[in-house]
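Me: I have a model to go through with you. Can we check each label against its rule?

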Amino acid sequence: MNRKSFFAGAFIALTLAGATPASAADRPDPERYESQTPASEVKAGGSRDTVHAPIEVVRHIVTDFDGYSGYIKKFEKAKVIGRHGDKTDVYLQVPIMKGAAKVWAVIRFDPPKPNDAGDDFVVTGKLLKGNVKRLDARYHISKIDDQNTRLDLQLLIVPDWVVPVPNHLATSEAAYAASRAVLGLRNASELKNH
């Protein structure tokens, strides 16, 4: 390798390394979990992680629905298709079961609802239409300190397909999708914060 190629390669590597905070590459994937909700016999799948960014940054990234397909590799399509007052309608398309099927949905998201101190927000979304019986999304964004935020996403997906899907598989897919979403939103928030 000649000297010019070496320096060009080193420059590219350093540039790409700066695109993601160094801590993101060294950290494990977000924690996954299952949770029973009163809404369905199917358990919700969820994921949570600490984000090294202020709560305002995380809240902005979570509600940047048009940016989801760039932030979250698992989402093939994400687009704001309408607004109704302070609510936002978002079209999402996500491949599941290793691409064997796709979930698509139009979800109406409520604006972030803060607690009295403003250090805790909840963003909820409900299915308007799609190829599933039910899809509920609930983000919980909590301030840890001035530079760290807890991000939790819980997804309840109840399939509506001709071939029955076992409940545990639907929950597993929801937890996986939630972990990919939390990972993408975590990385985007931390990148924006740097």
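Me: How do you know that F65, Y68 and F109 belong together?

Reply: This is a predicted model, and in it F65, Y68 and F109 form one aromatic cluster. Rings pair if their centres lie within 6.5 Å. By this rule the count comes to three aromatic pairs.

Me: Why is R48 said to lie over the face of Y33?

Reply: R48 is 4.0 Å from the ring centre of Y33. The cut-off is 6 Å for CZ of Arg, with a limit of 35 degrees from the ring normal.

Me: What makes R59 sit over the ring of F121?

Reply: The charged end of R59 is 4.6 Å from the ring centre of F121.

Me: Which residues lie nearest the centre of the largest cavity?

Reply: V94, L135, L155, I157 and A177 do, out of a lining of 27 residues. Among the elements that each supply at least two lining residues are β4 (87–96) and β8 (132–145). α5 gives the most, with six residues.

Me: What makes the lining count as nonpolar, polar or charged?

Reply: The residue type decides: Val, Leu, Ile and Ala, for example, count as nonpolar. By class, the lining of the largest cavity has 25 nonpolar, one polar and one charged residues.

Note on methods:
Residues are numbered from 1 along each chain as its sequence is written. This is a predicted model: local features need pLDDT of at least 70, side-chain atom pairs count only at pLDDT 80 or more; totals for chains, interfaces and linings use all residues. Side-chain values use heavy atoms; hydrogens and water are left out. On a 1 Å grid over the protein atoms alone, a cavity is a set of points where a 1.4 Å probe fits but cannot get out, and a pocket is an open set with protein on both sides within 12 Å along at least five of seven lines; lining residues have an atom within 4 Å of a point. Helices (H or I, at least four residues) and strands (E, at least two) are DSSP runs, numbered from the N terminus. Rings of Phe, Tyr and Trp (its six-membered ring) pair if their centres lie within 6.5 Å; planes under 30 degrees apart count as stacked, over 60 as edge-to-face and the rest as tilted.
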